[in-house]
Amino acid sequence: MGEWWSIEVADGEFSAASWKDTHGRDLIRTALEYGAEDWSWVERPWGVVLELCFPEDATSGGWTAFRDAPLVKAVLDAVPDPINGLLLYPGRGGSSGARVPRQPEPAPAAAPA
């Protein structure tokens with residue numbers, strides 16, 4: 001099983017969808033060159049999310065090498081809102097849920113009283 005990473009791009013001076021249309025193919029091609037096993041675009045009312053899955057044993061580069069590629073840096077610098085409109089994080093996009101379900105917290109000691 002691979003490790004998922006997400007790139008969230010919010011609307012800004014122009015729509016994130018147009019950013020995706022302009023740069024999406026380059027991002028996917030570069031991700032595949034660095035060993036991505038799977039990918040998915042998710043469109044939201046506020047922008048877009050690119051979800052990428054890299055193998056855990058990243059022999060051909062993986063997420064870190066992909067993120068450091070000059071083309072990827074240039075594409076991420078071109079997001080519609082470069083100050084508040086870009087998030088990079090492990091896991092799948094914003095509302096996809098946690099990889100591991102949360103465990104209930106133990107009740108406080110005074111709960112039975």
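**Close-up views of a predicted chain**

**View 1. A negative surface patch brings together Glu-37, Asp-38, Glu-56 and Asp-57.** Patches of this kind consist of residues with over 30% relative accessible area and no salt bridge, like charges being joined within 9 Å and nonpolar side chains (Val, Leu, Ile, Met, Phe, Trp, Tyr) within 5 Å. A salt bridge is a side-chain nitrogen of Lys or Arg within 4 Å of a carboxyl oxygen of Asp or Glu, and Asp and Glu count as negative, Lys and Arg as positive, with His and the chain ends not counted. The place of a charge is NZ of Lys, CZ of Arg, CG of Asp or CD of Glu, and accessible areas come from the Shrake-Rupley method with a 1.4 Å probe, only the protein chains shown counting as cover for residues. The model is predicted, so that local features need pLDDT of at least 70 and side-chain atom pairs count only at pLDDT 80 or more, while totals for chains, interfaces and linings use all residues. Residues are numbered from 1 along each chain as its sequence is written, and side-chain values use heavy atoms, with hydrogens and water left out.

**View 2. Asp-57 lies in the loop between β3 and α2 (62-68).** Asp-57 counts as exposed because its relative accessibility is 56%, where exposed means over 50% relative accessible area, buried under 20% and partly exposed in between (1.4 Å probe, protein chains only).

**View 3. The chain contains 3 helices and 4 strands.** Their order along the sequence is β-α-β-β-α-α-β, with helices (H or I, at least four residues) and strands (E, at least two) taken as DSSP runs numbered from the N terminus. Of the 113 residues in the chain, 37% are buried.

**View 4. Strand β2 (residues 38-44) and β3 pair in the antiparallel sense over 7 bridges.** Two strands pair if DSSP finds at least two bridges between them. Asp-38, which also belongs to the negative patch, has Cys-53 in β3 as its bridge partner, and a hairpin of 2 residues joins β2 to β3.

**View 5. Strand β1 (residues 3-10) runs antiparallel to β3 (residues 47-54), to which 8 bridges join it.** Within this pairing, Ile-7 has Leu-50 in β3 as its bridge partner. Both strands are mostly covered, with 7 of 8 residues buried in β1 and 8 of 8 in β3.

**View 6. Strand β4 (residues 86-90) is joined to β1 by 5 bridges, in an antiparallel arrangement.** Here Trp-5 stands opposite Pro-90 in β4.
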